[in-house]
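User: I would like to learn how to read charged side chains in a model of this kind. Could we work through some cases together, with the general idea coming ahead of each one?

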Amino acid sequence: MAFNEDTRVKIPAILTLTRLGYGYLSLKDRTDIDPQTNIFKDIFFDSLRKLNPNTADEELQKFFLKIQTMLDYEDLGKAFYELLTSGAGIKLIDWEKPLRNTLNVCTELTCGNKDEDSFRPDITLLINGMPLAFIEVKKPNNREGIIAERTRINDRFKNRKFRRFINISQILLFSNNMEYEQDDTDPIQGAFYAASSKGKAFFNQFKEEKDNKARLFGMLKDENDHIENEVLKDNNYATMKYSKEFETNKRPDSPTNRAIVSLFAPERIFELLRYGFAYVEYDDEDGLHHLEKHIMRYPQFFASKAIQSTLDSGKKRGIIWHTQGSGKTALAYFSVRWLTDYFAKKNTIPQFYFIVDRIDLRTQAGNEFNIRGLKVNSIESKEDFIKHLKRKATRSGNSGEQEITVLNIHKFSEDARATTQKDYDINTQRVYFIDEAHRSYSPAGSFLANLIQSDPNAIIISLTGTPLLDKGEKRIASTEIFGKYIHKYYYDQSISDGYTLRLIREEIESKYKLKLKEIFEKIQVPKGDTRIKQIYAHQNFCAPLLEYIAEDLRKSRIQHNNDTIGGMVVCHSSEQAEMLFGLFKKEYEGKATDAHIPNTAALILHNADDKATRKNYIKSFKNGKIDLLFVFNMLLTGFDAPRLKKLYLGRVIKEHNLLQTLTRVNRPYQGFRYGYVVDFADIKKEFDKTNRAYWKELQTDWGEDMDGYKNLFKSAEEIEQDIKEIKDKLWLFDTLNAEVFQQQISEIKEKKDLLNLRKALQLATELYNIIRLNGYEELLGKLDFNQFKRLLNEVENRIGIINQREALQNGEDITGLLNEALEDSIFVFKKTGESALDLAANGLKDLLRKTREAMGHNVDKKDPSWVSLKEELERLLRDKNWEEAEGADIEEGTKILTGIYGRIAELNRKDAQLLVK
């Protein structure tokens, strides 16, 4: 009996598809296959007649010729895909009633001329006679793994003779029937899906969410002996029917069969075909035109499904917690397409908004939507947005142009209020996607109140890679503001799937810190004094620091044989950034003797150059024309440059901002396995604390369903009491006349009294936003809130004058002392080691789950080996509170647990062999 990829993988895969409802087609004596497109014409026309009963056969024939023509376009099948998913004209697929479509599967269908260039996918899937997907399979542990298949398909993409067959194929699956290997950066083993490409196909893993598995596998029909015999006979393998290997490989839980169920179960394939593709079209800076076809990543797919489930349950708010680099803007694009049809079924017109908090992000997001084919509306002023909210909604969908409005949160104002529209019994539903929801949305601030009041009925989908976790007076957890998590996708999953890279921390010897301590003591500057930044910005400190950075980038380029990588220096202060940049221009700019040495740099500060110039610098860096960026607070979030592979940290950044900063170097780039963080500031303690907090958060959801935001804030009675106390504190001042008020506070000499006054006025501003947020309209007349804003500005101005006077009186110039102290100081920066920054907070948890499951599956729990492993596992869990564990402990615990898991897996393997015997 044959024992090859056909018998081990292909035939079992075909049988799995038949159990999902795909009818098996033999190619023997078949004469209806169109050689130009591989469309099965008999099935195609029968299906079209059923779906388009009022269309004459002559029109259907013309339609077929149209398809033949457009499949020959050099457009990656874009025109055909638009025709396929269109809701207008002749239907190719019944999207609303999937069971009316005809599903088939065949094997070894030739693409091309049999006598010349051709290829034959192992399995082809047809819908209504159209070959819309194919599967290539290999046996386990095949030589070169799936990489060889990727090379072959990339070559086929470039072959003009295969254009029609590639253009009609939508979903491509490649599998060697093995489990994914977590540390593989290339697709060596597993089941990978892809879309067609003009260059290189990106192979995506598909990992089914556990809650779906039982339902999906429940769709499999019982094995059919007649169909099985037919398939085996047609492929000349009838003799293997009763072999043990065949019985094993037929199981639906094999890696290939699992992927087939996940991707090609009828409900899945129709959803993916209709909503899971994006054509990305743009011109680069050299004027070259690019066209790419992207297929939805599985976390984007499940997040889109979760959004719909959230809406179905009646909730209108929630958070998508997806790591940086996971494609949140693309997720919003896919959701626009999916939700447009979702609301159309409810006779509702959706209007979509993508809300950012920075101008550069507005430009970036607008471009991302535009190149994917969405019409992008830009809002340039608050007045424009007020008009926009009052405009009449229009339908869009698969048959019309879809649109999204991209705007900055600052364009929301108190006057921006939506009017309820009901035209021809059609309702309007606004959907707000909040980008980087961990920023700018303090409940006591005006942004959140303006957002909610613009349309209290709006759906708010918040996107973030680092939700706020802390609760307190001034900072409230993201879940308390925006609702429960709709979907989560953390760093460890993204790294495992190949969408982001692991990070390596390069530790710098701490001797220079001892030298700094001596200097602090010598010039008598206490810890925390703002003048310390003068030391870090001194030339004697910055010169050796820059020398180390330039040499390190040079060595990295040589080590990785890649001169295109760049670096970013996160400086201790803006003054240090200016000093380092000035030294770079003097010592390195235009002076490189070889391509490895950095010789171009840019300074990115709020007060350096204008916005247009900074924008050009950033663009030049992304395009490889600048080697180093010197920054302080800018570009630490939202900056996406895959070539940035070295991050030089000159200060400790706190909490979620630290993770945002670190992930600037985690984007895949030209085969790199890691992004590198050169740590001058010793971030390890802060990193461990932050990572541990997110690990805890992944285990549970904070926040409950909310009626508006009433559970977050004070009651109306409490607010009234606060207003009374504010009035009492301001009773001695003339609050009706801002000019007299200014004269009164100008007589105050004690800053403490002014700070108390400021606190009362700030509370008034916060109460105003909370009143609006909660809808306590009756309280708005209790205080002249607009007047109090003016009074607060006057108090701030008075405090500013006093601060300036104090600075002049007390701001001793330490420049002379500093020069003297640093004159003989030599700073040496030296790398002492490397360690992984383990962003995989869920890794230990998943490993523990797998270990427990493996322990439970053992067939002989009295075996001394099993008992010993059980005791070792219990001891590991008992000896430490793993929820409080830090990086080193987690690393050690993972190492021990990996050993336990490996031994129980091996014990189970041996026991299974023994059991068979």
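This is a predicted model: local features need pLDDT of at least 70, side-chain atom pairs count only at pLDDT 80 or more; totals for chains, interfaces and linings use all residues.

User: Where does Asp 552 lie, and is it buried or exposed?

Analyst: Asp 552 has its place in helix α21, which covers residues 539-559. Its relative accessible area is 9%, and because buried means under 20%, Asp 552 is classed as buried.

User: With which side chain does the side chain of Asp 552 make a polar contact?

Analyst: The partner is Tyr 648, whose side chain makes a polar contact with that of Asp 552 at 2.7 Å.

User: How should I think about pairs of charged residues, and how many salt bridges does the structure hold?

Analyst: The general idea is that side chains of opposite charge can pair when their charged atoms come close. In this structure there are 55 salt bridges. One of them joins the side chains of Glu 149 and Arg 152, with 2.8 Å from N to O. Both residues belong to helix α5 (residues 147-158), where they are three residues apart, about one turn of the helix.

User: Are Glu 149 and Arg 152 buried or partly exposed?

Analyst: Glu 149 counts as buried, at 3% relative accessibility, whereas Arg 152, with a relative accessible area of 34%, is partly exposed.

User: Which parts of the chain does the salt bridge between Arg 215 and Glu 267 link?

Analyst: In that salt bridge the closest N and O atoms of Arg 215 and Glu 267 are 2.8 Å apart. The pair links distant parts of the chain, since Arg 215 is in helix α7 (residues 210-217) and Glu 267 is in helix α11 (residues 266-275), 52 residues apart. Arg 215 counts as partly exposed at 39% relative accessibility, and Glu 267 also counts as partly exposed, at 26%.

User: What does the salt bridge between Glu 872 and Arg 903 tie together?

Analyst: Here the closest N and O atoms are 3.0 Å apart. Glu 872 lies in helix α32 (residues 864-878) and Arg 903 in helix α33 (residues 887-916), so this pair ties together parts that are 31 residues apart in sequence. Arg 903 is partly exposed, its relative accessible area being 42%.

User: Which residues are linked in a network of salt bridges?

Analyst: Such a network links Glu 223, Asp 225, Glu 228, Lys 241, Glu 247 and Lys 250.

Conventions
Residues are numbered from 1 along each chain as its sequence is written. Side-chain values use heavy atoms; hydrogens and water are left out. Helices (H or I, at least four residues) and strands (E, at least two) are DSSP runs, numbered from the N terminus. Buried means under 20% relative accessible area, exposed over 50%, partly exposed in between (1.4 Å probe, protein chains only). A polar contact is a pair of N or O atoms within 3.5 Å; within protein, one must be able to donate a hydrogen and the other to accept it, and residues adjacent in sequence count only if both atoms are side-chain atoms. A salt bridge is a side-chain nitrogen of Lys or Arg within 4 Å of a carboxyl oxygen of Asp or Glu.
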